[in-house]
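User: I would like to go through this model by way of questions and answers, with the cut-offs stated as we go.

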Amino acid sequence: MTATSVTAASATPRRRRRRNWTGWGFLSPFLAVFLLALVAPVLYALYLSFFQDKLIGGNRFAGLANYKQALGDAQFWSAFERVALFLAVQVPVMLILALAIAMALDSARLHWTPLFRLSIFLPYAVPAVVASLMWGFMYGTQFGLIGNLDRWLHTTLPDPFSSGLVLPAIGNIVTWEYVGYNMLIFYSALRVIPAELYEAAELDRVGPFRVIWHIKLPSVRGAILIATIFSIIGSFQLFNEPNILKPLSPDTISSYFTPNMYAYNLSFAGQEYNYSATIAIIMGVATMVIAYLVQRAGTRKREA
């Protein structure tokens with residue numbers, strides 16, 4: 001073996017190692033942001049959840065005492081049951097509505113489809129704070145749209161801020177905000193269905209409803225699963241809408257209306273940082289478990 005071949009053979013592993021580190025170099029900005037903005041706060045919250053701040057002794061290790069307290073906290077369970085009910089009702093309504101709109105836009109029977117698509121998606125571009133303020137003004141019985149309709153029609157319409165309607169009123173805001181986002185997901189999935197399937201259905205004289213059931217719905221099942229998981233996560237993170245509407249309805253929207261509001265008020269109003277971190281960790285784990293179960297169930301149905 002010549003000296004040149006030995007040198008080339010030894011240089012090859014160095015080039016491979018250099019190529020491997022090049023990939024990590026491109027990933028390093030994302031990894032730095034990911035670790036600092038997500039992993040570090042979660043680890044710190046987990047650390048705080050194992051301590052309690054006592055008047056005598058200061059911040060001391062408490063083990064699982066905060067978790068035992070949270071699992072027996074009536075306010076926490078009230079907030080959890082409220083967002084679970086919100087999820088069970090609002091998410092299916094929003095996804096069915098978004099899917100119906102996407103089907104209508106994909107049917108090629110509507111004129112000015114780009115205009116309809118843009119107008120339905122436009123509310124998603126409105127920040128949640130602005131949307132909550134806008135709808136809160138319309139819900140007002142003394143100064144808003146409901147109040148004006150009462151005066152014009154000489155009647156008394158139901159108060160959206162009443163105890164029985166405040167959760168549906170918030171669900172209406174969230175649906176208005178995100179139906180366009182989910183519609184775009186479904187519409188994008190519908191647009192990539194092979195044209196050959198439609199041609200075969202036309203040759204077999206398959207009706208439009210059978211096309212929807214046997215071609216379109218199976219093709220967008222993956223998109224429906226993704227939208228469902230995102231919506232579940234968003235429902236458990238419900239915070240902006242009730243928190244913005246709380247000054248307009250202090251009697252029906254409490255400080256523990258949702259788990260996130262409860263954790264926020266514990267931390268910034270009650271200075272109970274350790275217990276607030278515990279609530280956040282529990283909700284994070286619950287959200288992760290439920291999203292995982294939904295994903296597994298959806299994956300099994302697709303494989304079947």
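User: Is S49 buried or exposed, and what is its relative accessible area?

Analyst: S49 belongs to the loop between α1 (3-48) and β1 (51-54), where helices (H or I, at least four residues) and strands (E, at least two) are DSSP runs numbered from the N terminus. This is a predicted model, in which local features need pLDDT of at least 70, side-chain atom pairs count only at pLDDT 80 or more, and totals for chains, interfaces and linings use all residues. Residues are numbered from 1 along each chain as its sequence is written, and side-chain values use heavy atoms, with hydrogens and water left out. Since buried means under 20% relative accessible area, exposed over 50% and partly exposed in between (1.4 Å probe, protein chains only), S49 is buried, at a value of 0%.

User: Which residues does S49 touch, not counting those up to four places away in sequence?

Analyst: Contact means heavy atoms within 4.5 Å. With residues up to four places away in sequence not counted, S49 touches G63, N66, Y67, N274, A277 and T278.

User: Which residues of α9 are buried, and why do they line one face of the helix?

Analyst: Helix α9 (residues 208-219) has 12 residues and reaches 15 Å from its first C-alpha to its last, close to the 16 Å expected, the expected span being 1.5 Å times one less than the number of residues. Seen down the axis of α9, the buried residues fall within an arc of 85°, so they line one face, the arc being that of the directions from the helix axis to the C-beta atoms. Those buried residues are V211, I215 and K216.

User: Which exposed residues does the face of α9 turned away from its buried side carry?

Analyst: What covers the buried residues of α9 includes α3 (74-106), α7 (166-191) and α8 (195-203). The face turned away from that buried side carries the exposed residues F209, R210, W213 and H214.

User: At what angle do α3 and α7 pack?

Analyst: Axes are lines fitted to C-alpha atoms, for helices over the stretch in contact, and angles run from 0 to 180 degrees between N-to-C directions. The axes of α3 and α7 are 7 Å apart, and the two helices pack at an angle of about 40°.

User: Which residues is N182 in contact with, leaving aside its neighbours within four places in sequence?

Analyst: N182 is placed in helix α7 and is buried, with a relative accessible area of 2%. Leaving aside neighbours within four places in sequence, the contacts of N182 are M94, L95, A98, A227 and S231.
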